[in-house]
Amino acid sequence: MSRFTSSVDMSLSAIKTACSNCNLRELCLPFGLSDQEVARVDELINVRKRVKRGENLYRAGSTFESIYAIRTGFFKTYVLLEDGRDQVTGFQMAGELLGLDGISTERHSCNAVALEDSEVCFIPFVRLEEVSREIQTLQHHFHKVMSREIVRDHGVMLLLGTMRAEERLATFLLNLSQRFTARGFSPAEFNLRMTREEIGSYLGLKLETVSRSFSRFQEEGLISVQQKHIRILNISGLKNLLDHRK
């Protein structure tokens, strides 16, 4: 969401118009808000930050102060294992939230790093709680959004526990496809922002296994791979890999 307060004379109708063009509009502006409530939300979400590729948004152990709504770009979250390896815990794209891991202990439990040049909106959690108490619609909406993010991350990981390597990668690609579709992008053609090694860390697979699975999918005509560019040629074929589990 843009920082509208830099223009004192901007009308509420202009604010609404600007928010309607933001890919976070369903997060920031629930349906049914009055002009006065829109202004309160605008005061709440009024800071944006650009995060360069490879730069950390926050680190494990740092003080939790805000939730971050990704306006543009792509992130990964990861934890550092005792043996020094990184364990990827999730990939987040525009329109999704970061920082929920810090709510319970008031310190972040993982690291969040940008996989490409990105931009996030700061949502100070204390202010969010204050405004949410005043605007019940906003409180309910944020609870739904936060719950959806948690269910998405944990749901995928729970499914992966009993899957073979090819099933894990198929699930991963189908999940990305659904998320790109929800943002108005092609469900069948996209660039992977993460490396094969990062995908393997997330899926619990070795790099060689990930590479073999990509090669098999390409040989079977399910996908076309050109470096990080993916085209899903047979989305039904990917889904069929999982059908026997139902």
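This is a predicted model: local features need pLDDT of at least 70, side-chain atom pairs count only at pLDDT 80 or more; totals for chains, interfaces and linings use all residues.

Visitor: How many residues of helix H7 are buried?

Guide: Helix H7, residues 196-203, is mostly covered, with seven of its eight residues buried. Among them are Ile-199, Tyr-202 and Leu-203, and also Arg-196 and Glu-198.

Visitor: What share of the protein chain's residues count as buried?

Guide: The figure is 47% of the 246 residues. The chain has nine helices and eleven strands.

Visitor: How do I read a sheet, and in which order do S9, S10 and S11 come?

Guide: In general, strands of a sheet pair through backbone hydrogen bonds, either parallel or antiparallel. Here three strands make an open sheet, ordered S9-S11-S10, with antiparallel pairing. Strands S9 (189-191) and S10 (223-226) are at the edges with a single partner strand each, so one side of each has no neighbour in the sheet. From one strand to the next, the twist averages 15°.

Visitor: How many bridges join S9 and S11?

Guide: Three bridges, in the antiparallel sense, and S11 covers residues 229-232. For Glu-189, the bridge partner in S11 is Arg-231.

Visitor: Which helix lies across S10 and S11?

Guide: That's H8, residues 207-219, which runs at about 125° to S10.

Key:
Residues are numbered from 1 along each chain as its sequence is written. Side-chain values use heavy atoms; hydrogens and water are left out. Buried means under 20% relative accessible area, exposed over 50%, partly exposed in between (1.4 Å probe, protein chains only). Helices (H or I, at least four residues) and strands (E, at least two) are DSSP runs, numbered from the N terminus. Two strands pair if DSSP finds at least two bridges between them. Axes are lines fitted to C-alpha atoms, for helices over the stretch in contact, and angles run from 0 to 180 degrees between N-to-C directions. Contact means heavy atoms within 4.5 Å.
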